[in-house]
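Here is a friendly briefing to read with the structure open beside you.

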Amino acid sequence: MTETPTRRTALHLRHRALNARMTEFHGWDMPLYYSSILEEHKAVREALGLFDISHMGQVLVSGRDAVATLDALMTSDFTQVGLNRACYTLMLNEQGGIVDDLIVYRIGESEFLVIVNCGNRESDVAWLCAHSTGQTEITDISQGRSILAVQGPRASRILESFLDAKVAGLARFGIAPIRTMGPEACIARTGYTGSDGFELFVPDNHAQKLWDAILSESRSSGGLPIGLGARDTLRVEAGLRLYGTDMNDATTPYEVGLGWTVAIHKTDFIGKAALVRQQAQGLTRKFVGFELAQGPVPRQGCELSVDGRRVGVVTSGTYSLMLQKPLGMGYIEPTLAVSGTKLSLTVRNQRYEATVVKLPFWQPAGAKSKLSVNAKQLGAEKTHE
Amino acid sequence: MKIPAELLYTKSHEWVRRESAEVLVGITEHAQQELRDVVFAELPAVGRVVAQGEAVAVVESVKAAFDIYAPVSGRITRANVALTKTPQLINQDCYGAGWMFAINPSVTDEFAALLSPSDYGKQLETQAH
C-alpha cells in the first residue's frame with residue numbers, strides 16, 4: 001500500500017508541537033484547529049491570530065508588458081493600481097466563469113506578486129502562461145517561501161514591536177518590503193478574516209523564527225495560532241466568498257456579487273463579452289447572505305425555498321460567534337435577493353426560517369464608514385449587493 | 001478521560017444511565033472532546049418509538065453534524081430542552097446537564113449488548129493506537 005504523499009509547509013513541526021488537529025487540504029497537511037475553532041475565532045476578533053497559509057500559491061508576473069497581461073487576464077484595471085498597493089481581482093474564462101479569485105500586489109513598476117488559491121496553483125500558472133502577452137514572465141515562486149497571516153485588532157502593535165517596517169502606518173491593501181528577510185520578503189495589510197491584519201511573505205528559513213516570535217510576543221495579550229477551521233468561520237462571518245465553494249468556473253462575477261471587481265470599460269479582457277451579454281440579459285441567480293434566529297448550521301447543498309418552492313441552494317454556512325446565530329450564503333432567484341426576504345432553509349428534512357441580510361454579516365466597529373468610501377471610489381455600489 | 005463507573009456505553013460513544021422506568025442518554029467525554037464546539041442539538045420528539053441503533057438525534061459542531069443513536073429500543077419519554085438554548089452544555093457537562101434524551105426501554109435484554117466502563121475504556125485505547 002502506498003499513501004498519497006501530502007505536502008508540508010515549513011511550519012509543519014510547529015503545528016505538531018502545538019498538538020494541532022491536522023487535516024488534508026488540497027493535498028496539503030494543514031492544521032484544522034489547535035484548541036477549538038470558536039476559541040481561535042474569538043482570538044482573531046478580540047486580540048490576535050497567527051495563521052500558516054503557506055499552502056497558498058505565490059506567482060510573480062513581471063516584465064515590460066506585465067500590466068498589459070494582467071489587464072487582459074483579470075477583471076480589474078491594473079493601470080489604476082499604484083506601486084505598493086494590492087488589488088482583489090478575478091480571472092475569468094471566455095464564458096465569464098471565474099477561473100480563480102486572487103490578490104495582486106504591485107511590488108514594482110512592472111512586477112506583481114499574485115496570490116492564488118492552493119487548489120488552483122498549477123492550473124492558474126498554466127492559464128497565465130498560455131494567455132500572457134508581449135514581454136511578460138510568469139514565475140511560480142511558491143517553493144521555499146512561506147506566508148504567515150497575523151490578524152486581529154492587536155496585530156499591528158505586536159508586529160511593530162519587532163519588525164522594522166512601519167507596520168502601523170501601512171494602509172489597508174498596502175504592501176512594503178521587509179528588508180531584513182531577503183529580497184522578496186514583504187508585509188501587506190491584507191487578510192481573509194474581516195478583521196484588521198497583515199500577511200507576511202517570507203523565505204522558509206525565516207518562517208519558524210517569525211512564527212515563534214509572533215506567538216511568544218502575543219500570548220500574554222490573547223494571541224493564538226489559528227487553523228483552517230476558524231479561517232473558514234471567520235471568512236463566512238465577514239461575507240467573504242471561497243473559491244470552489246461559493247464560486248467556480250461556471251459562476252460569473254455578477255452572480256456571486258463581485259461585480260465591483262470588474263472594470264467593464266477596459267478595452268478587452270477574457271470573459272468581457274460574456275459579461276456584457278449577461279448584463280444585457282439579466283441574472284438568473286444571485287449570491288446572498290442569510291441568517292437564522294437559531295437552529296442548525298446551514299451546510300453546502302441545503303435547499304432554500306419559499307412557500308414550498310425551491311428558490312436556491314446554500315454554498316457556505318457557519319455558526320457565528322460574534323452574532324451568536326447560524327449564518328449562510330448561497331444563490332437564490334434575483335427577485336428574492338433583497339434584505340428582509342424570508343426563506344425556508346431545509347436541514348435533514350426540517351424547515352427553518354431564514355432571513356436575507358446584507359453582506360458582510362459582521363465587520364469591525366468603525367469599519368463601515370471606511371468601507372463605503374472605498375466602495376464609492378471603486379464605483380462598486382451599483383453591482384455589489 | 002472521564003468514564004463514570006455507574007454508566008453503560010455504546011461503541012458509538014453514547015452513555016446510558018439506568019433509572020427506574022427510563023434510561024437517560026448522552027454523549028461521552030471522548031465524543032464531546034472530538035466534536036469540540038457544539039453549536040446545535042436536534043432532539044427526538046417525545047413519544048417517538050425508536051429501535052436500538054437508530055439515529056434519533058443530531059449534535060452539530062462548527063464543522064460538521066453527527067448522528068446520535070438510540071442505545072436501546074423503546075419510547076422517548078423526555079428530551080433535554082435546555083440544549084435548544086444552550087447546546088454548549090454538552091461540552092461543559094456531558095454526563096450531567098448535557099444529557100440528551102430519555103427512553104422507556106421496551107426490550108430488557110438489549111442492555112447485554114452495551115459496553116461496561118472498562119470495555120468502553122479499552123475501546124478508546126484501541127482507537128488511539
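P31(A) touches H15(A), A20(A), M22(A), D52(A), G227(A) and L228(A), leaving aside residues up to four places away in sequence. Please keep in mind that this is a predicted model.

**Around P31(A)**

- Is P31(A) buried or exposed? It counts as buried, because 28 C-beta neighbours lie inside 10 Å and 20 or more are enough for that class.

- Helix 7 of chain A is mostly covered, with ten of its ten residues buried.
- The axes of helix 2 (residues 37–46) and helix 7 (residues 228–237) of chain A come within 9 Å of each other and cross at roughly 60°.
- This angle makes helix 2 of chain A oblique to helix 7 of chain A.
- The crossing of these two helices of chain A is right-handed.
- Which residues make the contact? Helix 2 of chain A supplies I37(A), E40(A), H41(A) and V44(A), while helix 7 of chain A supplies G229(A), A230(A), T233(A) and L234(A).
- An α-helix has 3.6 residues a turn, so residues three or four places apart point the same way.
- By class, the residues of this contact between helix 2 and helix 7 of chain A are four nonpolar, three polar and one charged.
- Just after helix 7 of chain A comes G239(A), with a positive phi of about 70°.

**Domains of chain A**

- Chain A is divided into domain 1 (12–56 + 143–237), domain 2 (57–140) and domain 3 (283–377).
- Taken over C-alpha atoms, the centres of domain 1 and domain 3 of chain A are separated by 28 Å.
- How many residues bring domain 1 and domain 3 of chain A into contact? Eleven residues of domain 1 meet 13 residues of domain 3.
- On the side of domain 1 of chain A that touches domain 3, the elements giving two or more residues are helix 2 and helix 7 of chain A.
- That side of domain 1 of chain A has two nonpolar, four polar and five charged residues.

**Where chain A touches chain B**

- The contact between the chains takes eleven residues from chain A and nine residues from chain B.
- On the side of chain A that touches chain B, helix 2, helix 7 and strand 16 (309–320) of chain A are the elements that give two or more residues.
- The residues on this side of chain A divide into five nonpolar, five polar and one charged.

**Backbone points to check**

- Most residues other than glycine have a negative phi, and most peptide bonds are trans.
- N349(A) has a positive phi of about 70° although it is not a glycine.
- N349(A) lies in the loop between strand 18 (342–347) and strand 19 of chain A, and it is exposed, with 5 other C-beta atoms within 10 Å.
- H13(B), also a residue other than glycine, has a positive phi near 75°.
- H13(B) is found in the loop between strand 1 (8–9) and strand 2 (14–18) of chain B, and with 23 C-beta neighbours inside 10 Å it counts as buried.
- A cis peptide bond joins L359(A) and P360(A), with omega about 0°.
- P360(A) belongs to the loop between strand 19 (350–357) and helix 9 (367–377) of chain A.

**Two further residues of chain A**

- G257(A) is in the loop between helix 7 and helix 8 (272–281) of chain A, and 22 C-beta neighbours inside 10 Å make it buried.
- G257(A) and F287(A) are 30 residues apart in sequence, with 6.0 Å from C-alpha to C-alpha.
- E122(A) lies in helix 4 (residues 121–131) of chain A and is exposed, with 12 other C-beta atoms within 10 Å.
- E122(A) and M181(A) are 59 residues apart in sequence and 27 Å apart in space, C-alpha to C-alpha.

Methods:
Residues numbered from 1 in each chain as written. Chains lettered and ligands numbered in written order. Predicted model: local features only at pLDDT ≥ 70, side-chain atom pairs only at ≥ 80, totals over all residues. Axes fitted to C-alpha atoms, helices over the stretch in contact; angles between N-to-C directions. Helix = DSSP H or I, 4+ residues; strand = E, 2+ residues; numbered from the N terminus. Parallel < 35°, antiparallel > 145°, perpendicular 65-115°, else oblique. Left-handed = near helix turned anticlockwise from the far one by under 90°. Contact = placed C-beta atoms within 7 Å. Nonpolar A, V, L, I, M, F, W, Y, C, P; charged D, E, K, R; others polar. Domains from an automatic or database assignment.
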